[in-house]
Each structure stands twice: as structure tokens, then as C-alpha cells.
Amino acid sequence: MDFKTIGWQDIVLNVPDEWEIVFATKTPKKKGKEITGYFGFRTTKKKILEFRWVEVEKGKIPDLDVVISDYFETIMKKQKKIKKRTEKVIEISDHKGKTLYWATEDMTLHGYIVVWNCDILKRLIIMQSQFSNDEAKKIKADIMQVLETANCHPIDYESKWVGPNLTITTPRSMKLIKQAFLVGLSFFQLRYKSLDIYCYRLGLANQKISSIDELPAWFIDYYPKTLPGIPSGFKPSEDEFSKKITSKPERNFWHFRRNTQGRNLPLRPKSDIQGFFWQNKEKNDIYCLIFKFKSQTESQKRNEQIIENIVKLAITNN
């Protein structure tokens with residue numbers, strides 16, 4: 001079986017090719033002082049695996065036995081006649097983890113719960129799956145493979161964000177603000193301090209433009225009616241686009257840049273908006289990255305370097 005690498009909210013893992021990533025219907029919010037996250041995987045038939053995490057306060061180490069017990073009690077409210085089968089201690093990405101395998105009394109439904117604490121990112125991570133008896137052997141083997149490759153704190157201290165046909169690598173400090181995954185559209189917004197990144201993948205490129213030269217005019221007409229999350233101040237004209245080329249891979253792209261005065265107040269720093277637009281003919285997709293940050297600040301040079309690195313990897317990977 002072939003596997004693919006998926007990353008979301010600093011968790012990177014290899015999953016079977018036929019598994020598709022699914023996200024929370026709403027963007028995760030702060031719950032009191034805690035920040036939570038969620039994503040899962042499904043086959044063409046049903047949801048197969050879920051990951052949840054919650055930020056842990058500094059100095060507090062969750063009791064994994066208590067977490068497992070609480071999660072099992074939650075499942076028992078829906079599945080009355082279930083029993084614990086096995087509980088084990090395992091190692092996940094250099095962390096101690098606990099597992100619980102359960103099944104209904106008639107063995108028609110099985111489930112697997114795995115919990116571990118990432119002391120580097122200060123997160124409690126919970127993975128759970130439910131499956132029928134006839135697929136138990138295969139799914140257990142797949143889950144073991146997923147756990148062997150799970151990495152909740154990549155050593156390069158970068159985050160890989162993988163949406164449908166859209167892969168973006170950023171510094172670890174970026175946080176998810178908004179997301180939308182629809183037919184023909186992948187979108188998410190990331191933020192760190194004054195820097196916002198708006199990432200878009202648009203399908204069926206050959207039905208939108210016939211060549212890369214048409215991209216600026218088409219995008220200016222298209223984005224106000226269709227694309228979510230466009231930053232304020234982004235109202236481009238064609239003469240603000242400049243055509244450029246990358247060497248590896250060799251690909252034409254368009255660059256947009258504008259400085260806009262915040263609220264027209266002379267003492268406020270300007271917002272710098274940059275956009276990068278390209279087409280991947282093999283994937284039949286159009287990609288758009290828009291960056292917005294405060295210019296004329298101490299962090300401007302750092303932001304420029306971050307943007308350069310993100311764009312270089314984005315064009316290479318998409």
C-alpha cells in the first residue's frame with residue numbers, strides 16, 4: 001500500500017493514499033485559556049481516524065490514564081455494551097503514549113484510542129478510530145503505520161500545512177485563523193504577529209485561463225465574487241502585476257505589491273500587501289499566495305525573508 005505525507009497544525013504523519021483529510025466545520029477557537037485543534041481522515045465510505053489536541057498550561061502534565069478513562073466513558077454513553085480489550089504503553093515521536101483497544105460485546109464494532117503529551121509544543125494529543133469487525137485487522141495495521149511516522153514537533157521547526165492539493169511550509173510560529181475547503185477551492189489563512197498569509201488553490205485552471213499571461217486580468221475580475229478572506233486593501237490593477245520566473249522548477253509567476261496607508265492616518269505604519277500567482281498545468285490548478293504585514297517596522301526584513309522562503313517552497317511543492 002502506498003502512503004502520503006500529511007501535515008496540519010504542526011502534526012505530520014504518513015497515511016494511506018486513499019485516506020482524505022477532513023477538517024472541523026468551524027475554525028477552532030480558544031476555550032477559556034486553552035487552544036484546541038482538530039482534523040481527521042476518511043475513506044470514500046466513512047470517517048476512519050480523528051485527531052484532537054488541546055494546549056496544556058506550562059508546568060501541568062496530563063495524567064494519560066485519566067484522559068483515556070474519560071474518553072472511554074464518553075464513548076460508553078453512545079455504546080453501552082463495550083468492553084476494554086487491551087491497554088498498552090507505547091512511544092510516539094519520543095513521547096510516552098497510552099493506548100486503549102475496545103470492542104462491543106458482540107464484536108461487531110471495534111475502537112482504538114491513543115493519547116500522548118507533547119512537552120515541546122505543550123499539547124495533549126488524542127487520536128481515536130472506530131471500525132467494523134471485518135476491517136479490524138487492516139485498519140489496525142494502518143493505524144500502527146500512522147503512529148510510527150507521527151511527528152508532533154518536526155525537528156526543522158517548520159510547519160507543513162497540507163490542504164486539498166495545497167501544501168504550504170511556514171515557520172512554526174504561524175497559527176491557523178480561517179479555512180475553507182470546497183469543490184475546486186482550498187483556502188486557509190495563517191498569522192504570526194503582524195504577518196498574515198492567505199493561501200488559495202483554484203481547480204479547473206484550463207477553464208479559467210488559456211495561458212499564464214491572462215492570469216492578472218482574470219484574477220482581478222474573479223476574486224471579489226468568489227474567494228473568501230481577501231484582506232482589506234487588496235484591490236489590484238493590472239499594471240501593478242509584474243511577471244517573473246523561477247529556475248527550479250522553471251515556472252512563470254506574477255508578483256503584486258502595494259503599500260497602503262492604514263486608515264489614512266499619517267502616523268500609522270503602512271500595510272505592505274504582496275501577492276504571488278502561478279499555474280500548474282499538470283495539476284490543472286491556479287495558486288495564489290497573498291501576504292499582508294506592517295511595513296516600516298523592525299520586523300519588515302524578517303517578514304520579507306519569511307515570504308521569500310514560503311513562496312519558493314510553495315512554487316516547488318504545488
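The following paragraphs lead from the overall dimensions of this predicted model to its nonpolar cores and then to the confidence of the prediction.

The protein has 318 residues, of which 49% count as buried, and its C-alpha trace spans about 70 × 45 × 35 Å along the principal axes. Its secondary structure comes to four helices and 19 strands. Among contacts between residues at least 6 apart in sequence, 49% join residues at least 24 apart.

In soluble globular proteins, nonpolar side chains tend to be buried together. Here the largest nonpolar core holds 55 residues, and within that core Phe 41 and Phe 51 touch the most other members. Helix α4, covering residues 300-317, gives the most to this core, contributing six residues. Apart from this core lies another, of 24 residues, which includes Leu 227, Phe 241, Phe 256 and Phe 277. When residues up to four places away in sequence are left out, the residues that Phe 51 touches include Phe 41, Leu 13, Trp 116 and Val 146.

As for confidence, the mean pLDDT is 87, with 90% of the residues reaching 70 or more. Strand β15 (residues 195-202) has the highest confidence, at a mean of 96, whereas strand β4 (residues 30-31) has the lowest, at 55. Over residues 262-267 pLDDT stays under 50, and the model has three contacts beyond four places in sequence for this stretch. Where pLDDT is low, the predicted coordinates should not be read in detail.

Technical notes:
Residues are numbered from 1 along each chain as its sequence is written. This is a predicted model: local features need pLDDT of at least 70, side-chain atom pairs count only at pLDDT 80 or more; totals for chains, interfaces and linings use all residues. Side-chain values use heavy atoms; hydrogens and water are left out. A nonpolar core is a set of buried Ala, Val, Leu, Ile, Met, Phe, Trp, Tyr and Cys residues joined through side-chain atoms within 4.5 Å. Buried means under 20% relative accessible area, exposed over 50%, partly exposed in between (1.4 Å probe, protein chains only). Helices (H or I, at least four residues) and strands (E, at least two) are DSSP runs, numbered from the N terminus. Contact means heavy atoms within 4.5 Å. pLDDT is the predictor's confidence in each residue, from 0 to 100.
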